Amino acid sequence: MLHRLNSAGYEAYLVGGGVRDMLLGREPKDFDIATDASPEQVRDVFRNCRLVGRRFRLAHILFGRETIEVATFRRAQVADEEAEVGMEIEEGGRILRDNVYGTLEDDAWRRDFTINALYYNVQDFSVIDYAGGMQDIAAGVLRIIGDPAQRYREDPVRMLRAIRFAAKIAFRIDAASEAFIYENGHLLDDIPAARLFDEVLKLFMSGHAVQTFELLRHYYLFEFLFPLTDDSLGEEEEGMPHQLVLRALANTDARIAVGKPVTPAFLYAALLWEPVRIAMRPLLEQGIEELPALHQAANGVIEEQLRYTSLPRRFSTPMVEIWSMQLRLGSRGGRRAFRLLEHPRFRAAYDFMLLRGESGEVEQELCDWWTEFQVVDEAGREAMVKNLSPAAAGGAGSKRRKRPPRRKKSAE
Ligand code: ATP
Ligand code: MG
């Protein structure tokens, strides 16, 4: 790939996380390529190439099952370059668009951290290092390139990236960055919720969620991503909430470590569960039944959360199902348990219940019952249902309040 570009007369290097991870002796997740060829020129060299780009234009080359990202050298904006074509800078110094091509050296300086700005030349196996990344690799320091305040203001998401990389490779964040990040989490308020959602997935679904969570809390960034969750953690430090989130994150890490799939629906279900429970309390006190109370609380919590990080419906719908199934897993009489087992969200809801069980929120007995119910044969299942106590068969039924008279839908 690099040779193809070289043969066509262009410069091309491996860069970014792949080079960083390789130099750290870790398995690179993927490689990015930086070149002096324009995206159109790249497309002319490769048949299997398409141009993409939201924030900037990139070439994607399909290589077997993988996609390799090829980016043209770009330069960083400078504060007084506002009028520059293709570059827009907001008043606070945040970059809105940066599509200005530059040289290899320009490209190095516009990158975020020194260890992410190393260029690997496959022709002679050399590393080109303008920003001092090799030294920082050796010292175990994650250092932002340039003036920290300016670089974080340009793109506050770099604060989250600092946490993500520090957690992933166990590097120490440089002191100037630390000082800035502690004070400036609020800059994330200006970042579109959709971008923060993407970033949240990278933060919590890359195999180092526990460490990432601890660092986000430590640097006061978590509260700008999940303010309701953060409040709920504060409310009961020694109680269950903190544990449920941590256990869910540990569980996510463990699944990723063995190659099992993870879903944002489950992650968000865990993160927002405690806020939903808190929002449910006054509704239950008003005499509203559990399930409608849950839905009402969920709607409120989701609406609030969407102001910070988006959550596409294809994830929020199953998330609410995971929650509402928590209310149904208790009542197992008749055909109920059999029906629940067939529910497409059963497995996720069951896993979620186990987390609640570990956090002391659900009887261990109920968890064990469901664990067994899944493995025994049909006759065994019938027997299990038959042996349920009346309370367990009807579940919440024994405690159930009388249904209030139905209101007309339009009365809403
Ligand atoms: P990962 O292993 O998670 O993919 P990565 O370092 O490759 O880590 P990417 O998000 O894939 O991270 O970005 C690739 C490279 O692009 C980075 O290494 C960095 O040089 C540059 N980069 C990405 N995002 C930014 C940003 N917000 N500001 C400056 N440079 C960035
Ligand atoms: Mg990458």
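A residue is called buried when its relative accessible area is under 20%, exposed when it is over 50%, and partly exposed in between (1.4 Å probe, protein chains only). A disulfide is a pair of cysteine sulfur atoms within 2.5 Å. By this rule zero disulfides are counted.

The model is predicted: local features need pLDDT of at least 70, side-chain atom pairs count only at pLDDT 80 or more, and totals for chains, interfaces and linings use all residues. Residues are numbered from 1 along each chain as its sequence is written, chains are lettered from A and ligands numbered from 1 in the order in which they are written, and side-chain values use heavy atoms, with hydrogens and water left out.

Strand pairing was examined next. Helices (H or I, at least four residues) and strands (E, at least two) are DSSP runs, numbered from the N terminus. Two strands pair if DSSP finds at least two bridges between them. Strand 5 (residues 66-72) runs parallel to strand 2 (residues 32-35), and four bridges join them. Within this pairing, D32 stands opposite E69 of strand 5. Strand 5 also pairs with strand 4 (residues 58-63). Here the strands run antiparallel, with five bridges. I61 faces I68 of strand 5 across this pairing. Strands 4 and 5 form a hairpin with two residues between the strands. In that hairpin G64 takes a positive phi near 60 degrees. In a regular strand the side chains alternate between the two faces of the sheet.

On a 1 Å grid over the protein atoms alone, a cavity is a set of points where a 1.4 Å probe fits but cannot get out; lining residues have an atom within 4 Å of a point. Grid points are joined across faces, edges and corners, and a volume is the space filled by probe spheres set on the points. The largest cavity has a volume of about 30 Å³. Its lining consists of R164, K168, K202, L203, S206, H208 and T212. Helix 7 (157-169) and helix 9 (193-204) each supply at least two of the lining residues. The lining divides into one nonpolar, three polar and three charged residues. In this grouping Ala, Val, Leu, Ile, Met, Phe, Trp, Tyr, Cys and Pro count as nonpolar, Asp, Glu, Lys and Arg as charged, and the others, Gly among them, as polar.

Side chains of opposite charge can pair when their charged atoms come close. A salt bridge is a side-chain nitrogen of Lys or Arg within 4 Å of a carboxyl oxygen of Asp or Glu. The whole structure holds 20 salt bridges. E40 pairs with R57, the closest N and O atoms being 3.5 Å apart. E40 lies in helix 3 (residues 39-45) and R57 in the loop between strand 3 (49-52) and strand 4, so the pair ties together parts that are 17 residues apart in sequence. E40 is partly exposed at 32%, and R57 is partly exposed at 38%.

D107 and R110 form a salt bridge at 3.2 Å, N to O. D107 is buried at 1% relative accessibility, and R110 is buried at 15%. E358 and R247 meet at 3.4 Å, N to O. This pair links distant parts of the chain, 111 residues apart: E358 in helix 18 (residues 346-358) and R247 in helix 13 (residues 240-257). E358 is partly exposed at 44%, and R247 is partly exposed at 29%. Salt bridges that share partners also join E274, R277, R356 and E361 into one network.

Methods. 1 Å grid on protein atoms, 1.4 Å probe; cavity = no way out; pocket = protein on both sides within 12 Å on 5 of 7 lines; lining within 4 Å.
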